[in-house]
Amino acid sequence: MTSVIQALNLTKVFGSSTAVDHVSFDVQKGEIFGFLGPNGAGKTTTTRMLTGVIPPDAGTATILGHDIRSEPVLAKQGFGVVPETSNAYTDLTAWQNLMLMGELYGLEHARAERRSNDLLGMVGLLERKDQKVQAYSKGMKQRLILSMALIHEPELLFLDEPTSGLDVQSTQMILSLLRDLNEQGTTIFLTTHNMEEANRLCHRVGIIRSGMLVAIDAPEKLKTAIDRVHRIEVSFDREVSGDLLAGIAGVSGVNRTGDKWQIIAENQDTAIRSLVAFGKQNGAVIVSLNTLVPSLDEAFLRLTQEEKP
Amino acid sequence: MNPAGYPEQVRRAWAIAKKDIRIYYFKGPVLIFGVFMPVFLFLAFFMGSRQLPLSFLISGLIGMTLFFTATAVSPAIFPWEGSAKTLERLASCPITVEAIVMGDMIASILFGIGITVITVIIGLALGLSLLHGSTLLSAIILAACCFSAIGMLLAVPPTNVPSNIMMLSSLIKFPLIFISGIFIPLEQMPAWGLVLSICSPLTYFTDLVRYAFTDVHYFPVMIDIAALAVFAVVFTAGTMCLHKMTMPQRM
Ligand SMILES: Nc1ncnc2c1ncn2[C@@H]1O[C@H](COP(=O)(O)OP(=O)(O)O)[C@@H](O)[C@H]1O
Ligand SMILES: [Mg+2]
């Protein structure tokens, strides 16, 4: 059993609106799992239920083998959280914030100091460690909060829109840190409304719309699942006949754009193989070949648009 | 180490208390409600009633000081942290609500004891003689626990506006002062006032302080101590239980 997060029918109702509606999914050990959805979809509410901040109205969440309701302390001991809103103590220094976290996670003083030093170095805040967090920029605060979440070397990390509203440097630093952490074995659960981020970072994404999970798969598969028809762009070093191209196996249509041919294919794999064979037969060298997958943006918009009756 | 065990949770509560001491002791409202208010209230009373002996007044001042200081820090912490979103951070840490409440109470208790001890020292410097030191000490410790639990109870309504809680707590704190034998000796109270004062934990503390300085007391000393202990236990258990229930509503 390598499920690190098991969410089963998680549900949260605020007044008359259901913010999260029977959401179920599993996150495996070593994965970066992206939770993708537009604003107000229920990402934060789901994250808060998973991290034991608010109780679900129905359903269960098992984190690292512990039920978040019945064994909250044991579950929480194993993960770190970067919540949606910045929340280091602004009246304390970065160092004091980290030491407080160390104590709350039960670290020995020496280990907390060593970790704090390492982490502050890693996020580039070591010189300003004795400054009150009040004076920090948003990016610096967010880097500190990430360090605070990592103080006890958790095997699971929750992040709720960790890069929203940050400058490019902080965003890049945080994303590359997350990649490094994941390579060292940390499982990551991340919510975002940024497709590009999910696409570049996540092994799998779940797409949530008005509280309901509408799709869950690898980003590449989600993109291709949207469009049954594939487009391939190919160019050769010499003139070839469009009629001939249109006739080869797997190709259902051909368009010419400049020096490139846009091939419409039902089966991408067959089409590419026959294009290669076609080039060889006709003595034409393939100069470029691109598969034009729909962007995750398109996939996302399709999946999150309300279906019309 | 068992993170969910009592020794570990108590250690983590101490971490919360240290944080509170660093952050909240020096906030304006804490100093105003906790230190200046009782001093000026006392001075106003002192000017108006010169016929009461100094030892009676100082006992009242000590009672009032502990009551105001020990209830000054605790009610505001939850609303402050709720609005600063740091409470969400604590809620996702491996610490129980009970331990968070305990940490906040410890900070509140130490604030109360610290300032009260200063008041006692001033009293001694003014020529007051301390007759029962150990009784005074245990009374101060017990009452500080009790009052800081009252402070935490005042913060139970899940609002994240500290000034609302400050207002509510003044509304409850001031009437208590007048029924607890601080300005009016219990002996001079009308019967209905005496009934009210029995319900106020401050009454027993003031009685003990007067006993410690003047050897005069209204209730038996053991009754005073037992009453304070019972109030402290009931209020502490009550506030922990209630905060556990209202905590999610603050997020
Ligand atoms: N504490 C709350 N009280 C009432 N409604 C809430 C609360 N938190 C979230 N909601 C509602 O639940 C829905 C989902 O919100 P949220 O989980 O914050 O979405 P996201 O993080 O995906 O932007 C929204 O419609 C929001 O208005
Ligand atoms: Mg959100």
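Reply: Let's start with a term: a helix here is a DSSP run (H or I) of at least four residues, and helices are numbered from the N terminus. Keep in mind that this is a predicted model.

With that in hand, look at ligand 1. Helix α1 of chain A, residues 43-50, gives the most to the shell around ligand 1, with three residues. The whole shell is made up of Phe14(A), Ala19(A), Pro38(A), Asn39(A), Gly40(A), Ala41(A), Gly42(A), Lys43(A), Thr44(A) and Thr45(A).

Now for the polar contacts. A polar backbone atom of Gly40(A) sits 2.7 Å from an oxygen atom of ligand 1. Lys43(A) also uses its backbone: one of its N or O atoms there is 2.8 Å from a ligand 1 oxygen. Thr44(A) does it with its side chain, where an N or O atom lies 2.6 Å from an oxygen of ligand 1. How much of ligand 1 gets covered by the protein? On its own, ligand 1 exposes 560 Å², and the protein buries 62% of that.

Thr44(A) turns up again at the metal. The magnesium ion, ligand 2, is coordinated by Thr44(A) through OG1 and by Glu84(A) through OE, at 2.0 to 2.2 Å. These two come from distant parts of the chain, 40 residues apart: Thr44(A) belongs to helix α1, while Glu84(A) is in the loop between β6 (79-82) and α3 (94-104) of chain A.

Glu84(A) reaches 39%, so it counts as partly exposed.

One shell residue also leads you out into a sheet. Phe14(A) is part of the shell, and strand β1 of chain A covers residues 3-14. Strand β1 is joined by five bridges to strand β4 (residues 58-63) of chain A, and the two run antiparallel. In that pairing, Ile5(A) has Ile63(A) in β4(A) as its bridge partner. Zoom out a bit and you'll find an open, antiparallel sheet of four strands in chain A, in the order β2-β1-β4-β5. Its edge strands are β2 (17-28) and β5 (66-67), each pairing on one side only.

Conventions
Residues are numbered from 1 along each chain as its sequence is written. Chains are lettered from A and ligands numbered from 1 in the order in which they are written. This is a predicted model: local features need pLDDT of at least 70, side-chain atom pairs count only at pLDDT 80 or more; totals for chains, interfaces and linings use all residues. Side-chain values use heavy atoms; hydrogens and water are left out. A residue is near a molecule or strand if one of its heavy atoms lies within 4 Å of it. A polar contact is a pair of N or O atoms within 3.5 Å; within protein, one must be able to donate a hydrogen and the other to accept it, and residues adjacent in sequence count only if both atoms are side-chain atoms. Accessible areas come from the Shrake-Rupley method with a 1.4 Å probe; for residues, only the protein chains shown count as cover. Donors are N, O and S atoms within 2.8 Å of the metal (3.2 Å for Na, K and Ca); water is not among the atoms, so sites may look incomplete. Buried means under 20% relative accessible area, exposed over 50%, partly exposed in between (1.4 Å probe, protein chains only). Two strands pair if DSSP finds at least two bridges between them.
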